[in-house]
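Student: Hi, I have a new model open and would like to talk it through. Can we start with the side chains?

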Amino acid sequence: MDTVKTLQEANEQYKRELEWIQQQTKADQERLLVEAKAEQERLMAGAAVEAMAEAKATQEKLILEARVE
């Protein structure tokens with residue numbers, strides 16, 4: 001009976017460890033998703049700022065060209 005009890009205890013320990021690993025994996029996936037979304041937003045904001053600066057430069061160039069003519 002001691003062998004059966006030892007195996008049952010080992011099995012329960014294995015189940016607890018497996019559950020902990022699964023929880024950690026899920027937490028890591030959620031963290032990585034949040035980080036990826038934040039990076040995407042940062043890149044999109046940077047692209048928007050760059051596009052706005054380019055539009056302003058083009059506008060200023062057109063205004064100067066219009067004044068010359």
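Tutor: E35 and R31 both sit in helix α1, four residues apart, about one turn of the helix; helices are DSSP runs of H or I, at least four residues. This is a predicted model, where local features need pLDDT of at least 70, side-chain atom pairs count only at pLDDT 80 or more, and totals for chains, interfaces and linings use all residues. Residues are numbered from 1 along each chain as its sequence is written, and side-chain values use heavy atoms, leaving out hydrogens and water.

Student: What do the side chains of E35 and R31 form?

Tutor: They meet in a salt bridge, 3.1 Å from N to O. The term means a side-chain nitrogen of Lys or Arg within 4 Å of a carboxyl oxygen of Asp or Glu.

Student: Which residues are linked with R31 in a network?

Tutor: D28 and E35, through salt bridges. The D28 to R31 bridge has an N to O distance of 4.0 Å.

Student: Is E35 partly exposed or buried?

Tutor: E35 is partly exposed, at 41% relative accessible area. Buried is under 20%, exposed over 50%, and partly exposed in between, with a 1.4 Å probe and protein chains only.

Student: New topic: how many helices and strands does the protein have?

Tutor: One helix and zero strands. The radius of gyration is 30 Å, well over the 11 Å from the globule rule for 69 residues, so the protein is more spread out than a compact globule. That radius is taken over C-alpha atoms, and the rule is 2.2 Å times the number of residues to the power 0.38.

Methods:
Helices (H or I, at least four residues) and strands (E, at least two) are DSSP runs, numbered from the N terminus.
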